[in-house]
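Please keep the sequence and the coordinates at hand while reading.

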Amino acid sequence: MGRLSNEVDKVDRQERVLQAVLDLLAEHGISGVSMRAVAKRAGVELEKTVEDTTREEWNHSFAVNVTGTFLTCKHALPLLRAAARGGVSASVVNFGSYDGFIADPGLAAYCATKGAVHALTRALACDHGPKGIRVNAVCPGYVDTPMLQSFFAGAGSGGRGGTIDDMQDAVREVHPLKRYGTPDDVANLVHWLASDEARYASGQLWVLDGGLTAQVQQMRV
Amino acid sequence: MTGRSTVVTGGSRGIGRAVVERLRAGGDAVTTCGRGARPADLPDDVQWVTADVADPVAARRVVAFANESSGPVTVLVNNAGVCVERTVLDSTDDDWDLVVGVNCRGVFSMSRAVLPEMDRLGGVIVNIGSISGSVADPSMAIYNASKAFVHGLTRSIAVDHGPQVRCNTVCPGWIETEMADDGFALAQDPAAARADAVARHPAQRLGTPTDIAAMVAWLASDEATFVTGQAFTVDGGLTAASPLRPGSF
């Protein structure tokens, strides 16, 4: 019973933390942000090169992907610290991307924002680890989301007249696991990172891409 | 003339030959080696030792020859390498002995042979690693692993033998060599495979041995006296891009 009670307290406290952070985000004019547990999953993907990106588009990408992460963490930290003092496992899971390591064509601002999230993740882990707060980032590759479907359909994909189904088949074939990821695959990693099973994991960037970036580009032979 | 006594392993052709010619042009007294006889087109003032660096005795013999004839070796370029195109499941013990012998033991033995004099006089070691040491080329399992070994050994030499010795790795991508030709030859349509490979490079070409030699020459120069323990990729941008390029479908 004691353990159950503790779990209920944890969830209750976590919900209050999240609500407080969401309120603060709204105060700062950040909307359209969805949050799951302690994870911050909010992002926009702009399919343009640097030359074609306007300053407004650049600023919008950074506002959502980087400033959103910064503000969420900034205002969650006092509450996470208090939770850690109370013996609750406190951690942050940011959303980076494999695009923070390597570039997809025509996604310049997105790649840059994800690189910034990676660096911010390490900085947070370094600064707040001593108070018991773990900070990690998940870095998904191709995951079946509306963002991916938009990428397939968009000019940035550079498709040559094939159908989206053709494109999807080709994308699956390049992955060592012969499929791309599902939102559940990502949620599983976030769940683990936020759990006490991951109590020594901090400051790391967790690539989840079905083996895609373990390989050199697959030349057509 | 720099007058440096320089050893480049595997200088008969490809990247090794380009490194030999580049360092020779800069005034180094170059000794190179290979498993076969002296190549007919090797410049007369480059010294040749027939030796397999996988054999530690032969490795010591190469360094002793250079020490004796040109003075203590202060620049070593570990270039010699071999590749077997097989998965783990298909690789034999002989494949392992061949690839690990040359690519790992060779780099180790040559480095160990030059380090006593380099610790005393100072020196530079430049290893030829590969992008394959960081990301996998398919069906090149032992080769990929052997290059990761080179990257790791580079850091150890830099840490253990600095400040007298600097040690770095150059990681070539696809370079126009016989090894690359062998890779394209496996394709159903080698010409189409080459065109596809070129298209995947932001530089829109494959590398040349002289591209790699230029990086080696810089790392071995006094322009790079604060550079040690690192791996530098020279691949025309290949690995800066995602392995998945929908635009190429």
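Helices (H or I, at least four residues) and strands (E, at least two) are taken here as DSSP runs, numbered from the N terminus. The model is a predicted one, in which local features need pLDDT of at least 70 and side-chain atom pairs count only at pLDDT 80 or more, while totals for chains, interfaces and linings use all residues. Residues are numbered from 1 along each chain as its sequence is written, and chains are lettered from A and ligands numbered from 1 in the order in which they are written.

**A cysteine in chain B**

B:Cys167 lies in strand β6 (residues 165-172) of chain B. A residue is called buried if 20 or more other C-beta atoms lie within 10 Å of its own, exposed if 12 or fewer, and partly exposed in between, with C-beta atoms placed from the backbone. B:Cys167 counts as buried because it has 29 C-beta neighbours inside 10 Å. Two residues are in contact if their C-beta atoms, placed from the backbone, lie within 7 Å; leaving aside neighbours within four places in sequence, B:Cys167 contacts B:Ile125, B:Thr154, B:Ile157, B:Ala158, B:Thr228 and B:Gly229.

**Packing of two helices**

Two packed helices are described by the angle between their axes and the distance between the axes. The axes are lines fitted to C-alpha atoms, for helices over the stretch in contact, and the angles run from 0 to 180 degrees between N-to-C directions.

| Pair | Angle | Axis distance |
|---|---|---|
| α3(B) (residues 93-121) and α4(B) (residues 141-161) | about 15° | 9 Å |

Since angles under 35 degrees count as roughly parallel, over 145 as roughly antiparallel, 65 to 115 as roughly perpendicular and the rest as oblique, α3(B) and α4(B) are therefore roughly parallel to each other. Among the residues that meet are B:Trp96, B:Val100 and B:Phe108 in α3(B), and B:Tyr143, B:Phe149 and B:Ile157 in α4(B).

**Nonpolar cores**

A nonpolar core is a set of buried Ala, Val, Leu, Ile, Met, Phe, Trp, Tyr and Cys residues joined through C-beta atoms within 7 Å. The largest has 67 residues, and those with the most contacts inside it are B:Val19, B:Val63 and B:Val216. Its largest share, 9 residues, is supplied by α3(B). Not counting residues up to four places away in sequence, B:Val216 touches B:Val19, B:Val77, B:Val126 and B:Val170. Apart from this core lies another, of 24 residues, including A:Val92 and A:Val207.

**Chain A**

Chain A has 6 helices and 5 strands, and 34% of its 221 residues count as buried.
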